[in-house]
Amino acid sequence: MTVPRHIAIIMDGNGRWARERGLPRIKGHEQGAESVRAVTEACVELGVEFLTVYAFSTENWKRPADEVAALFVLLEHFIAQELPVLMKNNVRLAAIGRIHELPESCQRALADAIAQTAANTATTLILALNYSGRTEIIDAVRALCADAAAGTLGEIDADTLSARLYTAAYPDPDLLIRTSGEMRLSNFLLWQLSYTEIHVTEKLWPDFGKADLRAAIAEFNKRQRRYGGL
Ligand code: IPE
Ligand code: IPE
Ligand code: MG
């Protein structure tokens with residue numbers, strides 16, 4: 001079996017999971033955090049090098065202020081609680097997105113956990129926070145324009161642009177998983193997903209576990225990747 005080097009996940013359906021149980025939406029997010037832990041562990045066990053999870057999009061600021069605030073409280077809590085687990089499992093934490101626009105205390109917790117796990121060598125867990133594919137491309141274009149103004153910009157090709165994305169240090173995802181049955185990208189990794197295999201499951205994110213990850217990888221193994229060739 002081929003294990004994907006990089007798996008990206010659009011973790012969707014937390015709100016529906018909570019609604020089905022008559023619970024507040026935040027309970028769905030809390031349970032979703034448990035799925036992040038389980039799936040990260042599975043990636044370590046299977047030898048997946050990179051796991052990118054879409055945790056908060058630039059569009060998610062449109063949600064009611066109390067849900068947004070609760071999500072950032074949960075994020076800080078998650079980081080504090082998971083840090084010893086990440087260390088034990090040799091997981092390196094990273095983040096992509098406009099991190100500087102997050103609440104200060106979140107930024108501090110994140111920076112601290114990233115620094116503490118920097119030398120870990122198993123899976124790299126990349127949190128996409130205040131992320132969207134379009135803002136990422138805009139930020140990359142701005143960086144290229146700054147290089148041009150400084151007179152240091154040479155040829156522009158796919159590699160030049162990739163090198164300016166938040167994901168410059170990571171390979172493109174091999175497998176994209178979206179939970180809750182929605183058939184859209186919702187502004188996730190628009191550049192990087194060009195040739196990624198897509199797996200959509202009806203399962204809601206809080207119900208997604210290690211067995212579901214293994215099933216997605218098994219299905220991935222039946223795909224024939226052609227990259228436009230024969
Ligand atoms: C995904 O679950 C988590 C975030 C976007 C933060 P949702 O909150 O989108 O759950 P649904 O789609 O409303 O069920
Ligand atoms: C995508 O889910 C964003 C995250 C999982 C963080 P959304 O629930 O925000 O996406 P839409 O609104 O259904 O497209
Ligand atoms: Mg959703």
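**View 1. Aromatic pairs in the predicted model.** The count comes to 10 aromatic pairs, where rings of Phe, Tyr and Trp (its six-membered ring) pair if their centres lie within 6.5 Å, and planes under 30 degrees apart count as stacked, over 60 as edge-to-face and the rest as tilted. One of them, Tyr 54 with Tyr 131, is edge-to-face, at 5.9 Å centre to centre and 80° between the planes. Tyr 54 belongs to strand 2 (residues 50-57) and Tyr 131 to strand 4 (residues 124-131), so the pair ties together parts that are 77 residues apart in sequence. Strands (E, at least two residues) and helices (H or I, at least four) are DSSP runs, numbered from the N terminus. This is a predicted model, in which local features need pLDDT of at least 70, side-chain atom pairs count only at pLDDT 80 or more, and totals for chains, interfaces and linings use all residues; side-chain values use heavy atoms, with hydrogens and water left out. Residues are numbered from 1 along each chain as its sequence is written, while chains are lettered from A and ligands numbered from 1 in the order in which they are written.

**View 2. The shell around ligand 1.** Met 11, Asp 12, Gly 13, Asn 14, Gly 15, Arg 16, Arg 25, His 29, Ala 55, Asn 60, Arg 63 and Leu 71 surround ligand 1 (a residue is near a molecule if one of its heavy atoms lies within 4 Å of it). These residues divide into 3 nonpolar, 5 polar and 4 charged; Ala, Val, Leu, Ile, Met, Phe, Trp, Tyr, Cys and Pro count as nonpolar, Asp, Glu, Lys and Arg as charged, and the others, Gly among them, as polar. Helix 1 supplies the largest share of the shell, 3 residues.

**View 3. Atom distances at ligand 1.** An N or O atom in the side chain of Arg 63 is 2.7 Å from an oxygen atom of ligand 1. For the side chain of Asp 12 the corresponding distance is 2.9 Å, and a polar backbone atom of Gly 13 is 3.4 Å from an oxygen atom of the ligand. The protein covers 86% of the 380 Å² of accessible area that ligand 1 has on its own (Shrake-Rupley method, 1.4 Å probe).

**View 4. Surroundings of ligand 2.** Around ligand 2 lie Ile 10, Met 11, Asp 12, Tyr 54, Ala 55, Phe 56, Ser 57, Asn 60, Arg 63, Arg 178, Arg 184 and Ser 186. Strand 2 gives the most to this shell, with 4 residues, and the shell divides into 5 nonpolar, 3 polar and 4 charged residues. A polar side-chain atom of Ser 186 is 2.6 Å from an oxygen atom of ligand 2; for Arg 178 the distance is 3.5 Å. The side chain of Asn 60 has an N or O atom 2.9 Å from an oxygen atom of ligand 2. Of the 390 Å² of accessible area that ligand 2 has on its own, the protein covers 77%.

How values were computed
A polar contact is a pair of N or O atoms within 3.5 Å; within protein, one must be able to donate a hydrogen and the other to accept it, and residues adjacent in sequence count only if both atoms are side-chain atoms.
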